[in-house]
Amino acid sequence: MSKRKPRKKKIVSRKSFNWKQTGIIAFSNGNDPGRISDFYSQAEGLFDIENLTILIVGENRNKNDFESGHPIVLESNFTEGVSKLVADSNFGKFLLLDIDRATSLNSLNTGIRNIGRCLSQHALCLPVFTGEKSSGQSFALIAEKEPLQYLLDHLSGAESAMDEANSLVRGLNSKALIYLDQITGEKTKGGANPVQRFKSFLNWHVTVPLRERKLSPEKKYSFLGEASIYRFAFFITAVASLFLMTVLSQNAAVSGDEYRYLDQASRVYDYYTTLGADKSAVTQRGIDPQHYNAQSFDNVLYAVQKWLGMPPDSFGFRHFWNAVVGWLAMLFAALIALRIGGYRMAWIAFLLLLLSPRFLGHSYNNHRDIPMAASVCFAVYFMIPYLRSLPKINWKYFLWVVVGIAWAYSLRLGGGVLVMGYLLAFTGIAYLVQLKNLGKMFTELPRAATMLGTSLLACAGGFALGVLTWPFALESPIANSLEVLSASAELGVSLRQVFEGEQIWSNAMPWYYTGKYMLITIPAFILAAFGLSFFVLRKVVNKGNLLPYLMVLASVVLPLYYALFQVNTHYGGWRHFLFVYPFIAIIASLGIEGVFRHFKGKKAINFLWPAMIVLMLHPMSFIVKNQPMEYTYFNEIIGGTKNAHGCYETDYSLNSLKEASEWLIENVLEGHQGDTLIIATNDRRASKYYLRNHTKQARVKYTRYYDKSSVDWDYATFYCALMSPHQIREGYWPPVETVHEVLVDGVPLGAVVRRVSKDDYRGFQALEQGNIESAVNYFTSYLEKNPYSEEVWGALAQIQIQAGQAEEALFAAEKSLELMPTFTQGLQIRTSILLNIGQTEEALHSADALISSAEQHFIGYFYKALALQQLNRHSEAIEEAEYAIRLNPGFRGSYQVMAESFEALGDREMANRVMQLMQQNTN
């Protein structure tokens, strides 16, 4: 024996692992005694032979059939035999070798050598690997005594023993991620077929947990950590939620952006089918740069619908797949949580996302931000094992990371840049975590260079793959990508949004807009759990899961920092940052998991689940009562959607139009036999879709809500976005002619309106034809029936001021402003009258209100300059007049005010220059 020790040291380093502490059980069916003898001969050079026992599994065997001076155990059942050997020994670890399946002694040698390396690095080793590349069957299993005994408890018999072991070991991989190539250095080809893998999957997630429900093996085996019933709960929740979400998605409305995406998808389809000859997909149309967005999700859906012969506006089909992608975002977020804290934490993370009304609601019909969230979760999930393998490249995970980057890039350039940025940042984090000693940061630069280079290669691969799905990028990948990045910094479109009770232009929002919206729309319990996570962090996070935790934390901090301090334009709540929310939910689930671990073994743990249910009642009840309008949810902090209405945007995706249209169909159109009714709406295409089966009874006409009096219509359907917050809070919305309200949390987000009189429309028609007297009569008649129309009061004020009736005009203008303080026409008339009657201070304040209402319109700045000039504040008047000229260089009045102010300051030269400019620009 002593002569063979040097050879054994070459195979297995005793410094890294001592085989004397490991029991060796080699098992065989005994059909080939010569093979067993050969194995004994080889084993003498591999192990301390005293640790080796041969287990012969089969009926009617005789020890005398096998020539050996070492222990041989005969058993008819594999499980019983191994159980006895394990129970009767004092070893802490065991190596099980399937002699019959070892294809060669060289393969065995390689496996044993690398097993020693694994055991020196991992407290728990449960790999299964193969010597037969075609079969995928196991010939060796190594485990500590406790996990091995746990496996034996579940193995039913000789024939299925190794298949069941495979199932259990694969399930336990979250505890010890050790794969074939890490042990043997060889790649396995073949493996279990899909049916076997599915059975194995069901065994791990359903059969075993149900079997263990009363046994509670987690109390007996400390390495398990948690009850397997959480694994079952996670599986059932995932399956049930997929069914639930896809069914509920069929109730969803057409969102405000879907037709825009459809139009671009049609152009993209033409681009590819004409091999790039049709350039409409890469050309801007109007002010909306749709060609800047890759939108692969919509493009794929459109192509599939085209191939299946479905109409492009098959929104049920589109919403079904939107829900599937939303579910995938939840699933991959939960799987990331699984990598950090186990199945209970994964289940909690899934539940938090499923019960988050905003995320759930957007999953029905948000074709841009939900796929983006799914792609980010997908990419981060595969980045974890990829980064753990570095600097050695695990090509399987490397390729999945490339796919994740490409997926994000194919949706939106910013998405691809984000995920690539994540990868590079996480690579740096992984490098620091691997070092363990930060003092080596600059001494391990070759490793850093390898890791960085590999991740840059993944970024390049993802970019190249993503380009293929985006026509604009295909035209010129680098130049056009840079163009989009540059354009994204300053959006050309600014929208008026309600925030903190005021209408504010989207490019003038306060820096905390996104943070404030998250604070008041994420369920309060989830926010609390998120904060709590930092106090119970050490209960869950350790050296083994530090990397994925830091990655999740960075996935929250980095984009929110960008949203708060780098983005200048905000609108639509925080839907553009929906990709951040799954990681917020993961950290919140960590907080809850930490509490469970803190109270482990204490009676208080029995109250945690009931407490969670109570604390989540608010969002859960909102989901049940207000489906499919979940995305309008506001939390308990602000008092729910009821208190937020009129202070923040609610139905910004115009989903309430669906219910309004359905009520109109059921209560008006289905029984209508007369002339075709004109249905006005503030979104024509969605309303036309809802009324597509009633074209004989109804004709849809678009109007802005505050222009509705100048349009001919009989009924109208309106959603509340862009409404004056004052009108909402004071009850002027919905209008008095409303016959049906779309209620969410008790407040109206949409309305069906029946016109009480067309005298307002007739008045505007008369005004357009120059018949002032008729217009006044019509307007007066209408106001007797409905005195709450700011439009009509404003029109009447305009007529009166032109007729020189200043007092009457001021009265009418004030009435319009009582109804809507930001009504631009009323503010303009009031300011003009106040200037004319010498109430200059009041006119100055009125001009400020006019500028606030219409900051891109020159007239407010002109009136303010005029008021300042009358107050002898000439320097300020010059500044306001100059701004008015920039907005409208062709208006003479602004030049005149500026020139007169320079004259008053004694600067005749500048006054003359201004007049010269006026002549140049206004002639």
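# Briefing: salt bridges, rings and surface in a predicted model

A search of the whole structure finds 26 salt bridges. The model is predicted. The protein has 923 residues, and 55% of them count as buried. Its fold contains 42 helices and 13 strands.

**Whole protein**

- The accessible surface comes to about 40400 Å². Carbon and sulfur atoms account for 55% of that surface.
- Take the contacts between residues at least 6 apart in sequence. Of these, 69% join residues at least 24 apart.

- Side chains of opposite charge can pair when their charged atoms come close.
- R318 and D298 form a salt bridge, and their closest N and O atoms are 2.6 Å apart. This pair links distant parts of the chain, 20 residues apart. R318 is in helix α13 (residues 315-341), while D298 is in helix α12 (residues 296-308). Both R318 and D298 are buried.
- R412 meets D369 in another salt bridge, at 3.0 Å from N to O. R412 lies in the loop between α17 and α18 (413-435) and D369 lies in helix α16, so the pair ties together parts 43 residues apart in sequence. R412 is buried, and D369 is buried too.

**A salt bridge within one helix**

- E818 and K815 form a salt bridge, with the closest N and O atoms 3.9 Å apart. A salt bridge needs a nitrogen within 4 Å of a carboxyl oxygen, so this pair counts.
- The two residues, E818 and K815, are three residues apart in helix α36 (residues 806-819), so about one helical turn separates them.
- E818 has a relative accessible area of 47%, so E818 is partly exposed. K815 is also partly exposed, with a relative accessible area of 25%.

**A salt-bridge network**

- Salt bridges that share partners join D257, R260, D369, R412 and R575 into one network.
- The R412 and D369 bridge involves two members of this network.

**Aromatic rings**

- The count comes to 55 aromatic pairs.
- Edge-to-face requires an angle over 60 degrees. Y381 and F382 are both buried.
- Y386 and F398 form a tilted pair. The distance is 6.1 Å centre to centre, with 55 degrees between the planes. Y386 lies in helix α16 (residues 369-389) and F398 in helix α17 (residues 395-411), so the pair ties together parts 12 residues apart in sequence. Both Y386 and F398 are buried.
- One aromatic cluster is formed by F499, W511, Y512, Y513, Y517, Y561, F565, F634 and Y648.

**Charges over rings**

- The charged end of R692 sits over the ring of Y689. The distance to the ring centre is 4.0 Å.
- K708 lies over the face of Y705, 3.7 Å from the ring centre.

**A nonpolar surface patch**

- Y272, W400, V403, L465, L468 and L474 form a nonpolar patch on the surface. Together they have about 490 Å² of accessible area.
- L465, one of the patch residues, is found in helix α19 (residues 445-467). Its relative accessibility is 39%, so L465 counts as partly exposed.

- Q290 is found in the loop between α11 (258-273) and α12. With a relative accessible area of 5%, Q290 is buried. Buried means under 20%, so Q290 qualifies.
- Leaving aside neighbours within four places in sequence, Q290 is in contact with R260, Y261, Q264, R267, Q295 and R368. One of these, R260, also belongs to the salt-bridge network.
- D760 is found in helix α33 (residues 759-768). At 2% relative accessibility, D760 counts as buried.
- D760 and Y778 are 18 residues apart along the chain, yet their C-alpha atoms are separated by 6.3 Å.
- Apart from neighbours within four places in sequence, D760 is in contact with S709, R755, F779, Y782 and V792.

Terms used: Residues are numbered from 1 along each chain as its sequence is written. This is a predicted model: local features need pLDDT of at least 70, side-chain atom pairs count only at pLDDT 80 or more; totals for chains, interfaces and linings use all residues. Side-chain values use heavy atoms; hydrogens and water are left out. Patches are made of residues with over 30% relative accessible area and no salt bridge: like charges are joined within 9 Å, nonpolar side chains (Val, Leu, Ile, Met, Phe, Trp, Tyr) within 5 Å. Accessible areas come from the Shrake-Rupley method with a 1.4 Å probe; for residues, only the protein chains shown count as cover. A salt bridge is a side-chain nitrogen of Lys or Arg within 4 Å of a carboxyl oxygen of Asp or Glu. Helices (H or I, at least four residues) and strands (E, at least two) are DSSP runs, numbered from the N terminus. Buried means under 20% relative accessible area, exposed over 50%, partly exposed in between (1.4 Å probe, protein chains only). Rings of Phe, Tyr and Trp (its six-membered ring) pair if their centres lie within 6.5 Å; planes under 30 degrees apart count as stacked, over 60 as edge-to-face and the rest as tilted. A charge sits over a ring if NZ of Lys or CZ of Arg is within 6 Å of the ring centre and within 35 degrees of the ring normal. Contact means heavy atoms within 4.5 Å.
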